[in-house]
Amino acid sequence: MKRIFLLSIVITMFLPATAQKAKKGDFNPSANYEVQVLGVGQDGTKVFRIWNTASKVDDAITEAKRNAVAVCLFRGLPGSGFTNETPPICQIGDEIKYEEFFKEFFKLPQKDGTGGMYLRFVNRTTDEPPSGQFRVKVKKGYKVAIDVQVLYNSLRKYMEEQGIVKKLDSGF
């Protein structure tokens, strides 16, 4: 009896160690970021400012670009004095239903040329690193804001082609 008890304690100690942990660089659909709509862009695009926090400025910029695409896919954009609210492209729960697809889609660019698919749909409006009020030192790093343009219609079309969302003309 004592042996079984000790064995169960040992197994319990190793369970969290064997559980699959998210690796650094994996996409987190529940990431925390802030969005501010800036105005109307060219047809089929969305222009907004996105705030992101990371230990390094470059990491915060990279995450902000990825989160800019994610906000269009999963959360939608809030309305402003210039624009109406934009609904998300995907349905609630699609990030879980198509987890493997989105894991690969949001994979950071690798040296071998793989990953970075999401970068096809987002552009920064400036190449300058954020400064002044758009680069704030916080307790665990930097909180930066970048202005981005997301190719919203192209992103939606790509999701339709991949079978993630229904085409707008498919009916109900």
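**Is Trp51 buried or exposed?**

Trp51 is buried, with a relative accessible area of 16%. Buried means under 20% relative accessible area, exposed means over 50%, and partly exposed is in between (1.4 Å probe, protein chains only).

**About the model**

This is a predicted model, where local features need pLDDT of at least 70 and side-chain atom pairs count only at pLDDT 80 or more, while totals for chains, interfaces and linings use all residues. Residues are numbered from 1 along each chain as its sequence is written, and side-chain values use heavy atoms, leaving out hydrogens and water.

**Aromatic pairs**

Let's turn to the rings. Searching the whole structure gives twelve aromatic pairs. Rings of Phe, Tyr and Trp (its six-membered ring) pair if their centres lie within 6.5 Å; planes under 30 degrees apart count as stacked, over 60 as edge-to-face and the rest as tilted.

One of the pairs joins Trp51 and Phe134: it is tilted, at 6.3 Å centre to centre with 45° between the planes. Phe134 is partly exposed, at 25% relative accessible area.

Phe105 and Phe106 make an edge-to-face pair, with 5.0 Å between centres and 85° between the planes. Phe105 is buried at 3% relative accessible area, and Phe106 is buried at 0%.

**A cluster, and charges over rings**

Ring pairs also link a cluster whose members include Phe74, Phe101, Tyr118 and Tyr158.

Finally, look at two arginines. Arg75 lies over the face of Tyr33, 4.3 Å from the ring centre, and Arg135 lies over the face of Tyr142, at 5.4 Å. A charge sits over a ring if NZ of Lys or CZ of Arg is within 6 Å of the ring centre and within 35 degrees of the ring normal.
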